[in-house]
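Please have your viewer open as you read.

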Amino acid sequence: MILPPVLRKAGPFGLAVGAGALMAQGLAPVSAIWVMPLALLVIAALFQSMPTPRRAAALGWLFGCGYFGFGLSWIMEPFQVDAATYGWMAPFALMLMAGGLSLFWGLAFWAAARLGRGNWRLLALIGFWGLVELARAYVLTGFPWAGFAQLALPGDVVLRAVPWVGSHGVMLAILLAILPVVLIRQRPFWALVPAVLVAVAMAWLPEARPFGGNLPLTEQTVRLVQPNAPQAEKWLPEKRWLFVQRLLEYTAAEPDRAGGRRPDLVIWPETSIPTLQNYIDEIRPALIEAARGAELLYGIQREENGRYMNSAVVMSAEGEALDIYDKMHLVPFGEYMPLPKLWERFGVFGLASRAKGGYAPGTQRRLLDTIAGRALPLICYEGVFAQDVNAAPARPDYLVLITNDAWFGSYSGPYQHLVQAQLRAAEQGLPMLRAANTGVSAVIDPYGQLRDSLLLNTAGYLDARLPEPLPPTLYSRTGDWPAAFVALLLVGVSGLPRLVVKRRRTLA
């Protein structure tokens with residue numbers, strides 16, 4: 001394919017970095033609608049011009065570096081909490097993260113250029129790109145942040161689609177609709193067919209599954225409490241109990257709406273109590289008094305047989321711990337260090353861990369019984385993984401996510417994390433209650449839409465009635481298997497011309 005003169009002058013590899021950086025502006029909070037189609041068209045045209053698989057791999061890797069380098073810039077924020085100790089690591093962490101994630105994309109571009117012939121290379125690229133994005137969500141504990149479904153699209157099109165095909169299925173649909181358009185000068189009909197099919201499917205979705213509108217609400221009133229404790233102050237001995245006092249005051253406060261009723265369930269954020277659950281008796285009377293007859297779900301750490309866990313606890317109105325969930329999907333280099341003995345030699349420990357060896361993972365994905373129904377608990381990072389939600393032992397009545405987004409700064413990280421919470425709710429057709437230390441705390445309906453929320457970096461509380469769940473979605477039944485099958489099918493079809501040529505040569 002011949003590139004336009006303007007692209008030839010800029011240089012393909014420089015353009016790849018620029019296109020990736022441009023596409024990152026589709027992520028929250030910028031959420032520019034137009035950048036993703038433009039960036040993908042540019043990279044597709046550049047890919048078609050690459051003469052060798054090695055150059056195609058370099059192109060894909062550089063495109064990923066531009067995208068992840070700008071889209072994940074919030075990764076530097078946690079290192080600034082204790083800048084004197086960890087600040088020097090921030091730029092290296094971003095470079096390693098962006099470069100490492102981009103290897104997946106480089107591999108997809110290399111494999112597509114290696115397998116595909118002519119225009120079939122684009123079909124191979126779509127298939128391999130889908131496969132490596134699935135790998136990015138699962139391999140080495142996974143990190144699917146900044147996936148294509150998290151990019152801004154017109155209206156609620158993604159939230160309409162993920163109940164059917166999940167976030168990875170949405171990615172394949174996006175690539176099928178956009179990438180072949182670069183071939184329109186050569187084969188206009190073939191190039192536009194995928195885009196038309198995707199458009200027809202999106203137009204059909206509202207009819208197949210009504211979207212939005214007035215949802216029935218449960219009888220229970222829930223209260224989300226947002227203390228707004230900056231991470232640099234959260235654990236200071238002279239301040240940490242002041243934030244607990246703020247939590248208690250908001251929990252005991254009168255309803256935030258005229259004519260409202262007292263909450264049946266109050267939810268506090270992740271690690272909101274700065275002590276271990278083992279010593280909760282010291283503040284139990286204060287918790288009971290503040291709850292005023294309501295159940296309380298709070299985040300706390302606990303110790304058992306020398307292992308420290310990041311936990312969620314449901315406490316009855318009488319102060320009894322009714323149920324406990326220990327976080328299973330921990331943050332590498334945050335809540336624990338891989339190869340801890342090696343890092344201990346250099347005095348480096350997990351940024352968020354309160355114990356020398358880091359947190360230990362929980363052993364069981366489980367539901368919590370609350371007065372508002374059966375809840376699937378997710379603690380911070382767990383809300384990023386669609387497969388963690390799909391791994392629930394039974395269908396819950398709602399999702400509850402407690403998190404401490406103070407680690408993510410105040411620009412892009414908290415908003416990108418919120419978008420992923422919306423996707424999890426829409427994928428399952430379940431409402432979500434999201435309590436965040438510094439925000440954004442929100443009630444998310446089973447369509448993935450924000451029903452009510454508290455602003456970032458503000459202290460306050462929010463009373464709301466919990467929406468009813470929708471029937472199970474197709475994605476909740478199938479998970480990512482259909483997306484993996486389609487990606488493999490695309491790879492297989494794209495390789496047919498090469499097999500035909502080999503067969504002809506063999507016969508000759």
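Predicted model: local features only at pLDDT ≥ 70, side-chain atom pairs only at ≥ 80, totals over all residues.

## An aromatic cluster

Which residues do ring pairs link into a cluster? They are Phe47, Phe63, Tyr67, Phe68, Trp105, Phe109, Trp129 and Phe148. Rings of Phe, Tyr and Trp (its six-membered ring) pair if their centres lie within 6.5 Å; planes under 30 degrees apart count as stacked, over 60 as edge-to-face and the rest as tilted. By this rule the count comes to 18 aromatic pairs.

Residues are numbered from 1 along each chain as its sequence is written, and side-chain values use heavy atoms, with hydrogens and water left out.

Why is the pair of Trp105 and Trp129 edge-to-face? Their ring centres are 5.2 Å apart and the planes stand at 75°, so the pair is edge-to-face. This pair links distant parts of the chain, with Trp105 in helix α6 (residues 90–115) and Trp129 in helix α7 (residues 120–138), 24 residues apart. Helices here are DSSP runs of H or I with at least four residues, strands are runs of E with at least two, and both are numbered from the N terminus.

Trp105 is buried at 0% relative accessible area, and Trp129 is also buried at 0%. Buried means under 20% relative accessible area, exposed over 50%, and partly exposed in between (1.4 Å probe, protein chains only). Tyr67 is buried at 0%, and so is Phe68, at 0%.

The cluster member Phe47 has the charged end of Arg121 over its ring, 4.9 Å from the centre. For this, NZ of Lys or CZ of Arg must be within 6 Å of the ring centre and within 35 degrees of the ring normal.

Is Gln301 buried or exposed? Gln301 is buried, with a relative accessible area of 5%, and is found in strand β3 (residues 295–304). Its side chain makes a polar contact of 2.6 Å with the side chain of Tyr359. Such a contact is a pair of N or O atoms within 3.5 Å; within protein, one must be able to donate a hydrogen and the other to accept it, and residues adjacent in sequence count only if both atoms are side-chain atoms.
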